[in-house]
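Student: I have a structure to look at and would like to learn how to read it.
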Amino acid sequence: QVLMPQRSNPFQRLIYLIQHQLASDAAVAESRLLIDKVSGRNVEVDIVIEGKLGGVPLLIGIECTATKRPATVEWVDQMLGKHSSLSVDKTVLVSKTGFTPDAVTKATSRGVDVLQLTEAESRDWSGWVLKVNNLRY
């Protein structure tokens, strides 16, 4: 079992877990700024995984929400819009309280993964990242 440092934010534990699993394969950054390809402005993404897998660059953007109710289709729409002009290869949405059925349908129809925080914490991120890299082609 991996010992976790005490963190103030529940998503910081997730960042730590992803970093631990990916180790030297990728860099995991919290609150990273990415450049919007349309406006040229900096856009903050909650968690960014960046690495080279098989010599091919891969950039994954993860957005998180900790609302008391499941994430809505409106939040998913916001995140889809935000990520549509970023140079990310894959978008993942994580909600502490899950997602409404409409939100899941909308996200998955666009190829976006949706995870409740507990699912994200138990995911095999290194195996998943390899699958994402293979699906890009």
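The dialogue below goes through the fold, the sheet, a few residues and a pocket.

Student: What should I know before I start?
Tutor: This is a predicted model, in which local features need pLDDT of at least 70, side-chain atom pairs count only at pLDDT 80 or more, and totals for chains, interfaces and linings use all residues. Residues are numbered from 1 along each chain as its sequence is written, and side-chain values use heavy atoms, with hydrogens and water left out.

Student: How many helices and strands does the protein have?
Tutor: Helices (H or I, at least four residues) and strands (E, at least two) are DSSP runs, numbered from the N terminus. Here there are five helices and five strands. Read from the N terminus, their order is α-β-β-β-α-β-α-β-α-α.

Student: How do I read burial, and what percentage of the residues count as buried?
Tutor: Buried means under 20% relative accessible area, exposed means over 50%, and partly exposed lies in between (1.4 Å probe, protein chains only). In this protein of 137 residues, 42% count as buried. Strand β3 (residues 56-65) is mostly covered, with eight of its 10 residues buried. For β4 (90-95), six of six residues are buried. From β4, K90, V92 and V94 point one way, while T91, L93 and S95 point the other way.

Student: Which strands pair with β3?
Tutor: Two strands pair if DSSP finds at least two bridges between them. Strand β2 (residues 42-53) is antiparallel to β3, with seven bridges between the two. On β4, the pairing with β3 is parallel and has six bridges. Among its residue pairs, E63 stands opposite L93 in β4, and G61 has T91 in β4 as its bridge partner.

Student: Which strand does β4 join through four bridges?
Tutor: That is strand β5 (residues 113-116), which runs parallel to β4. L93 stands opposite V114 in β5. From β4 the chain crosses through helix α3 (residues 101-109) to β5, in a right-handed β-α-β crossover.

Student: How is the hand of such a crossover decided?
Tutor: Point the strands away from the viewer; the crossover is right-handed if the path from the first strand over the helix to the second runs clockwise. A right-handed β-α-β unit is also made by β3, α2 and β4.

Student: How do contacts show which parts of the chain come together?
Tutor: A contact means heavy atoms within 4.5 Å. Of the contacts in the protein with a separation of 6 or more, 52% are between residues 24 or more positions apart. Take I15 in helix α1 as a case. Leaving out residues up to four places away in sequence, I15 touches V28, E30 and I47.

Student: Is I15 buried or exposed?
Tutor: I15 counts as buried because its relative accessible area is 7%. The C-alpha atoms of I15 and E121 are separated by 9.0 Å, although the two residues are 106 residues apart along the chain. R13 is also found in helix α1 (residues 10-22). R13 has 35% relative accessibility, so it counts as partly exposed. Between the C-alpha atoms of R13 and L117, 104 residues apart along the chain, the separation is 10.0 Å.

Student: What can a backbone angle tell me?
Tutor: Most residues other than glycine have a negative phi. S31 has a positive phi of about 50 degrees, although it is not a glycine. S31 is found in strand β1 (residues 26-35). Its relative accessibility is 39%, so S31 counts as partly exposed.

Student: How is a pocket found, and what is the volume of the largest pocket?
Tutor: Rolling a probe the size of a water molecule over the atoms shows where empty space is left. On a 1 Å grid over the protein atoms alone, where a 1.4 Å probe fits, a pocket is an open set of points with protein on both sides within 12 Å along at least five of seven lines; lining residues have an atom within 4 Å of a point. Grid points are joined across faces, edges and corners, and a volume is the space filled by probe spheres set on the points. The largest pocket has a volume of about 150 Å³.

Student: Which residues line the largest pocket?
Tutor: The lining consists of L80, H83, S84, L86, V88, D89, K90, T91, R110, G111 and V112. The elements that give two or more residues to this lining are α2 (73-84) and β4 (90-95). With three residues, α2 gives the most.
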